[in-house]
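User: I have a structure open and would like to talk through some of its features. Could we begin with the surface?

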Amino acid sequence: MSSSAVVLDSNVVLEPGSDRILPAEGRIPGNPAIWAAILSEMSEFAVMFLVYFIAKIHNPEIFNSGPEQLNTLAGTLNTLLLISSSFFVAKAMAAMRNRRPDLSAQWMTMAVAAAWIYLLVKFWEYKWNVAHGIGIETNLFFATYYYMTFNHLLHVGWGSGALIWGIYRIRSGGYNPEQHQGLETIASYWHMIDLAWIVIFPLLYVLR
Amino acid sequence: MLVTVGSATLAESAEPSHLITVIVAASVAFKGRMVMDRFMELRNANKYIRGSMNLYFYVIPLMIIFVDLFSEQLAKVIHL
């Protein structure tokens, strides 16, 4: 980024020669507190992944046969939904910087819709599991599966609550193109939820 | 999106192998990096935050490969 960029806020600058607002070089996206939370959450998920790896090396047969008993379509749909919702949130950020708060709120609404469809797909998947005799006590692979996916589901649930709060703040004029740290904080947290699923999906549904 | 659909296709059709595991690990690293760079906008963010997040998506894919390649050896030295 050019050194002649006009600094509007600690997080955004005005691009030289245009009216485009861009993220500032070296900034902390959102605020420092959310990064303490994000890194803590990522560490929590890392512990789950470690548990998965250790359980897998001691029970290779169970962990190699487990994924083929799961509903790959549900896992794939949920991956596509979470990536889409992350994209929608990124578009909402761009719209806010481009001085289009109404469009930003619309993108955020689409992100919430994707999150809620994710939750519906997950409940349908759990019902499908029960119908196929898959429960938390079936074996160690499925215990790990429920441990990871239910924990992640909770994150999607309360994360979508944060997205709704973001929509309310946009609609009530709480953010503007120069000052939207709160929206960026919500966006960063939401992307973290997507990142966790990017690891969970192949571990549980793909690797055999 | 394409990487996700590709992973699902692999899961449903391909025979398990070390090559498949490496491809899956690479897809995790790639998708993680894309989300961090494009959506989270970490590419020009604070270097410590960027470094921590990037490290995560180097370590986890490497662990996926290590667990697949050295499963028996790891089981001898790591206990539940």
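User: Which residues make the nonpolar surface patch of about 370 Å²?
Analyst: In this predicted model, the patch is made by B:Leu62, B:Phe66, B:Leu69 and B:Phe70. Patches are built from residues with over 30% relative accessible area and no salt bridge, with nonpolar side chains (Val, Leu, Ile, Met, Phe, Trp, Tyr) joined within 5 Å and like charges within 9 Å. Accessible areas come from the Shrake-Rupley method with a 1.4 Å probe, and for residues only the protein chains shown count as cover.

User: Where is B:Leu69?
Analyst: B:Leu69 belongs to helix H3 (residues 47–69) of chain B. Helices (H or I, at least four residues) and strands (E, at least two) are DSSP runs, numbered from the N terminus. B:Leu69 has a relative accessible area of 39% and is therefore partly exposed. Buried means under 20%, exposed over 50%, and partly exposed in between (1.4 Å probe, protein chains only).

User: And B:Pro61, buried or exposed?
Analyst: B:Pro61 counts as buried because its relative accessibility is 6%. B:Pro61 also lies in helix H3 of chain B. Leaving aside neighbours within four places in sequence, B:Pro61 is in contact (heavy atoms within 4.5 Å) with B:Ala25, B:Val28, B:Ala29 and B:Tyr56.

User: Before we move on, what conventions apply to the numbering and the values?
Analyst: Residues are numbered from 1 along each chain as its sequence is written, and chains are lettered from A and ligands numbered from 1 in the order in which they are written. Local features need pLDDT of at least 70, side-chain atom pairs count only at pLDDT 80 or more, totals for chains, interfaces and linings use all residues, and side-chain values use heavy atoms, with hydrogens and water left out.

User: Now the charges. How many salt bridges are there over all chains?
Analyst: A search of the whole structure finds 7. A salt bridge is a side-chain nitrogen of Lys or Arg within 4 Å of a carboxyl oxygen of Asp or Glu.

User: Which residue does B:Glu41 meet in a salt bridge?
Analyst: The side chain of B:Glu41 meets that of A:Arg97, at 2.8 Å from N to O. This pair crosses between chains, from the loop between H2 and H3 of chain B to helix H3 of chain A. A:Arg97 counts as buried because its relative accessibility is 4%.

User: What about the backbone at B:Glu41?
Analyst: B:Glu41 has a positive phi of about 55° although it is not a glycine.

User: Which residue forms a salt bridge with B:Arg33?
Analyst: The partner is B:Asp37, with the closest N and O atoms 3.5 Å apart. Both residues lie in helix H2 of chain B, 4 residues apart, about one turn of the helix. B:Arg33 counts as partly exposed at 33% relative accessibility, whereas B:Asp37 is buried at 16%. Salt bridges that share partners also join A:Arg27, A:Arg97, A:Glu184 and B:Glu41 into one network.

User: What else does B:Asp37 touch, not counting residues up to four places away in sequence?
Analyst: B:Asp37 touches B:Leu42 and B:Arg43.

User: Which residue does A:Arg171 meet in a salt bridge?
Analyst: A:Arg171 meets A:Asp102, at 3.6 Å from N to O. The pair links distant parts of the chain, 69 residues apart, with A:Arg171 in helix H5 (residues 140–171) and A:Asp102 in helix H4 (residues 101–131) of chain A. A:Asp102 is exposed, with a relative accessible area of 52%.

User: Turning to helix H3 of chain A, how many residues has it?
Analyst: Helix H3 (residues 72–97) of chain A has 26 residues. This helix reaches 38 Å from its first C-alpha to its last, close to the 38 Å expected at 1.5 Å a residue; the expected span is 1.5 Å times one less than the number of residues. H3(A) is mostly covered, with 20 of its 26 residues buried.

User: Which residue caps its N-terminal end?
Analyst: A:Asn71 caps H3(A), with a side-chain oxygen 3.1 Å from the backbone nitrogen of A:Leu73.

User: And what follows H3(A)?
Analyst: H3(A) is followed by A:Arg99, whose phi is positive, near 65°. A:Arg99 is not a glycine and lies in the loop between H3 and H4 of chain A. A:Arg99 is partly exposed, with a relative accessible area of 38%.

User: Lastly, how many helices and strands are in chain A?
Analyst: Chain A has 6 helices and 3 strands, running β-β-β-α-α-α-α-α-α from the N terminus on. Of its 208 residues, 55% count as buried.

Notes
A polar contact is a pair of N or O atoms within 3.5 Å; within protein, one must be able to donate a hydrogen and the other to accept it, and residues adjacent in sequence count only if both atoms are side-chain atoms.
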